[in-house]
Amino acid sequence: MFTFVYKLNHMELDYLNLLFETHHETTLKHRYITNTDIKPLLNALQTHAVVETVGKSVLNDDIHTITIGNGKKRILMWSQMHGNESTTTKALFDFLNLCISNNALTNGILNKCTLCIIPILNPDGAKAYTRINANKVDLNRDAQDLSQPESKVLRAVFESFKPDFCYNLHGQRTIFSVDQTNKSAIVSFLSPAQDKACTVTPTRKKAMEVIAEMNRYLQKIIPESVGVYDDAFNINCVGDTFQTENVPTILFEAGHYPKDYAREKTRELIFISYLTSLNYLSRVEVTGENSKGYFEIPENGKLFFDIILRNARVTKTSTALSDVAIQYLERLEAGAVHFVPIVKKIERLPLNHGHKEYDAKGALVTGEDGNALILESENVFVNVGNEKLMLFLK
């Protein structure tokens with residue numbers, strides 16, 4: 001058995017992994033998570049937390065908050081602002097399972113902190129598995145106009161709860177690399193800008209300090225696979241707006257762990273990030289003085305495709321070789337997310353990387369019908385010489 005010591009330097013990663021294994025919410029799986037999935041969990045939480053319906057979506061679905069803890073530090077967390085970004089939602093319920101288990105770590109957090117959690121801000125987008133809401137608006141560009149009911153709900157919760165910190169929880173595509181390397185950006189963060197000059201303000205430095213603490217742990221698990229986003233200022237984004245109001249705000253982005261298209265390993269990493277950051281907030285008066293580690297995290301690049309077929313002839317008459325880049329389109333069919341292979345580029349791609357790569361070794365590569373590949377076409381199979389290669393992700 002592991003003995004937990006409340007000094008961060010002594011928190012064992014094995015212990016954190018064990019907490020995930022023993023408390024992860026087994027009813028939430030893969031990528032498609034909706035209000036239907038979380039309602040039984042909300043009902044079960046009512047004896048441990050305050051669960052409220054705080055508003056309605058465009059299509060009149062419920063938007064909930066879960067408030068737990070009785071500490072003075074107030075942290076507002078919201079997930080699935082983009083309906084198809086569900087990894088952070090799964091990790092929230094894993095974390096809540098731990099919170100109600102009388103665990104020493106979360107007891108310490110909840111004694112010092114009060115958490116207000118919106119598990120699905122965009123339930124219509126979650127049901128349709130889209131980034132946007134039912135009015136085709138990106139809620140993360142609606143912070144100023146507040147034109148959508150979901151945006152108004154978040155703003156009302158922000159104003160009534162009066163958070164000391166905000167966690168803006170998202171998921172990112174498989175295209176992201178760590179800088180210009182062949183490392184996937186498995187988890188990414190951002191302390192959003194407060195002005196057009198991207199000034200490193202005291203408020204931003206507080207968010208940066210917490211991110212640096214999470215990165216310190218993540219580097220032990222996924223070395224060189226954590227990135228930060230470009231901090232170009234956009235006042236229409238929720239994080240930038242809250243940051244300008246001097247509430248330290250942290251953007252979380254759950255990315256692609258190798259072969260983990262269901263985002264289950266990334267889910268564990270986000271769970272660990274919640275725990276390490278909230279434990280830090282519960283124990284430390286964050287001033288921004290310890291933000292240096294944030295500036296050591298590389299920025300994200302966009303160098304990945306899901307599949308690259310290297311060294312392919314793409315016409316029968318050509319002797320020149322090309323690389324064929326495939327990106328998965330996430331498509332909701334019959335209540336499940338399917339990954340449909342789409343041809344995105346046919347050219348030499350020396351600077352790009354594939355999460356999976358094949359060397360055609362100069363063989364002719366065609367569609368399943370034997371015809372030349374076409375940009376933006378779907379191809380479940382391709383012919384590589386005399387062999388058939390399946391691109392569809394099972």
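These legends walk through a few close-up views of the structure above. The model is predicted, so local features need pLDDT of at least 70 and side-chain atom pairs count only at pLDDT 80 or more, while totals for chains, interfaces and linings use all residues. Residues are numbered from 1 along each chain as its sequence is written, and side-chain values use heavy atoms, with hydrogens and water left out.

**View 1. Helix H1 and its buried face.** Take a look at H1, where Leu13, Tyr15, Leu16, Leu19, Phe20 and His23 are buried. Seen down the axis of H1, these buried residues fall within an arc of 160°, so they line one face of the helix. That arc is taken from the directions that run from the helix axis to the C-beta atoms. If you're wondering about the pattern, an α-helix has 3.6 residues a turn, so residues three or four places apart point the same way. "Buried" means under 20% relative accessible area, "exposed" means over 50%, and "partly exposed" is in between (1.4 Å probe, protein chains only). The buried residues of H1 pack against H3, helix H4 (104-112), helix H7 (202-221) and helix H9 (264-283).

**View 2. Where H1 meets H3.** Helix H1 (residues 13-23) packs with helix H3 (residues 87-99) at an angle of about 95°, and their axes are 9 Å apart. That makes H1 roughly perpendicular to H3 (angles under 35 degrees count as roughly parallel, over 145 as roughly antiparallel, 65 to 115 as roughly perpendicular and the rest as oblique). The axes are lines fitted to C-alpha atoms, for helices over the stretch in contact, and angles run from 0 to 180 degrees between N-to-C directions. Which residues make the contact? On H1 they are Leu19, Phe20 and His23, and on H3 they are Asp94, Asn97 and Leu98, where contact means heavy atoms within 4.5 Å.

**View 3. Strand S2 with its partners.** Six of the eight residues of S2 (residues 62-69) are buried, so this strand is largely enclosed by the rest of the structure. Strand S1 (residues 50-56) runs antiparallel to S2, joined by six bridges; two strands pair if DSSP finds at least two bridges between them. Threonine 53 stands opposite histidine 64 in S2. The S1 and S2 hairpin has five residues between the strands, and asparagine 60 takes a positive phi near 70° there. S2 also pairs with strand S4 (residues 113-118), in the antiparallel sense over four bridges. In that pairing, isoleucine 66 stands opposite isoleucine 117 in S4.

**View 4. Two loop residues with positive phi.** Histidine 30 sits in the loop between H1 and helix H2 (35-45). Its phi is near 60°, a positive value in a residue other than glycine. Histidine 30 counts as partly exposed, at 31% relative accessibility. Now find lysine 136, in the loop between helix H5 (123-128) and helix H6 (149-161). Lysine 136 isn't a glycine, but it has a positive phi of about 65°. Is lysine 136 buried or exposed? Lysine 136 is exposed, with a relative accessible area of 68%.

**View 5. An open sheet of three strands.** The strand order is S15-S16-S17, with antiparallel pairing. Strand S15 (365-367) and strand S17 (387-390) are at the edges with a single partner strand each, so one side of each is left without a neighbour in the sheet. From one strand to the next, the twist averages 35°. Strand S16 (residues 381-384) pairs with S17 over four bridges, and valine 382 stands opposite leucine 389 in S17.
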